[in-house]
Amino acid sequence: MTGPGETRAALPHRYPMLLVDRVLTTGAEEIRAVKAVTLNEPWYARLGSGPSEADFAYPDFLVLESWTQTAGLLATRPDEEAADGLTMLFGSMRDVEFHRPVFPGDVIEHHVRLVRAVNDTLVFEGDSRTGGETVLTVGTVTVAFRPRERLDTKHTGSAPR
């Protein structure tokens, strides 16, 4: 189990886009983490007077972003030193399905499994649940690591190849 310090150290995200509150369990091929949804989140500041219940639904893309941040934590865990100097890139997503909305007060539990690892490319699958009910299913997400200097011209002084 890890707290916010370890999560912040492993991911480049910060408030308001750090969407993993705590890692519950982690292993070489799977991870479980949680995100507590509250009314204090900046996305709810836009609600005016008299919003409907549907207006309080947590944005689907943020549920997916939180799930992929959890996958990112698993991707960097096995060999953190080898990832030094590399940038993690999320590639394709397939068979992503949202089952029901998430609302303030819900605690989303993300389950991510490593399906395949080939060199610097990883494939994940999993789901997200709240109150034991599935809210998101992710068929596959592909992640690749690339040398930072090939992606950022500030480090090389030239355009990427």
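1. Leaving aside residues up to four places away in sequence, Ser 128 touches Trp 67, Ile 108, Glu 109, His 110, Glu 133, Thr 134, Val 135 and Leu 136, where a contact means heavy atoms within 4.5 Å. Ser 128 is found in strand S5, and it counts as buried because its relative accessibility is 0%; buried stands for under 20% relative accessible area, exposed for over 50% and partly exposed for what lies in between, with a 1.4 Å probe and protein chains only.

2. On the basis of this note: the model is predicted, so that local features need pLDDT of at least 70 and side-chain atom pairs count only at pLDDT 80 or more, while totals for chains, interfaces and linings use all residues. Residues are numbered from 1 along each chain as its sequence is written, and side-chain values use heavy atoms, with hydrogens and water left out.

3. The protein has four helices and six strands, and from the N terminus on its elements follow the order α-β-β-α-β-β-β-β-α-α. Helices (H or I, at least four residues) and strands (E, at least two) are DSSP runs, numbered from the N terminus. Among contacts between residues at least 6 apart in sequence, 60% join residues at least 24 apart.

4. Six strands make up an open sheet with antiparallel pairing, in the order S1-S2-S4-S5-S6-S3; two strands pair if DSSP finds at least two bridges between them. Strand S1 (22-26) and strand S3 (86-98) are the edge strands, each pairing on one side only. Neighbouring strands of this sheet are turned against each other by 25 degrees on average, direction ignored.

5. Helix H2 (residues 60-76) packs on this sheet and touches S1, S2, S3, strand S4 (107-118), strand S5 (121-130) and strand S6 (133-147). The direction of H2 makes about 135 degrees with that of S3, where axes are lines fitted to C-alpha atoms, for helices over the stretch in contact, and angles run from 0 to 180 degrees between N-to-C directions.

6. Going through the sheet in its strand order, S1 and strand S2 (residues 30-36) pair in the antiparallel sense over four bridges, with Ile 31 in S2 as the bridge partner of Thr 26. S2 in turn pairs with S4, again antiparallel, over seven bridges, and here Ala 36 has Val 107 in S4 as its bridge partner.

7. S4 and S5 pair in the antiparallel sense over nine bridges, and Ala 117 stands opposite Leu 122 in S5. These two strands form a hairpin with two residues between them, and Asn 119 in the turn has a positive phi of about 55 degrees.

8. S5 and S6 run antiparallel and are joined by nine bridges, with Thr 130 opposite Glu 133 in S6. Their hairpin has two residues between the strands, and Gly 131 takes a positive phi near 60 degrees.

9. Which residues have the most contacts inside the largest nonpolar core? They are Tyr 58, Trp 67, Val 102, Val 112, Phe 124 and Leu 136, in a core of 31 residues; such a core is a set of buried Ala, Val, Leu, Ile, Met, Phe, Trp, Tyr and Cys residues joined through side-chain atoms within 4.5 Å. S2, H2, S4, S5 and S6 are the elements that give two or more residues to this core, and H2 gives the most, with eight residues.

10. Trp 67 deserves a separate look. Not counting residues up to four places away in sequence, Trp 67 touches His 110, His 111, Val 112, Phe 124, Glu 125, Gly 126, Asp 127, Ser 128, Leu 136, Val 138 and Val 141.

11. The count of aromatic pairs comes to one, under a rule by which rings of Phe, Tyr and Trp (its six-membered ring) pair if their centres lie within 6.5 Å, planes under 30 degrees apart being stacked, over 60 edge-to-face and the rest tilted. Tyr 44 and Phe 56 form this tilted pair, at 6.4 Å centre to centre and 35 degrees between the planes. Both residues lie in the loop between S2 and H2, so the pair ties together parts that are 12 residues apart in sequence. Tyr 44 is buried, with a relative accessible area of 7%, whereas Phe 56 is partly exposed at 25%.
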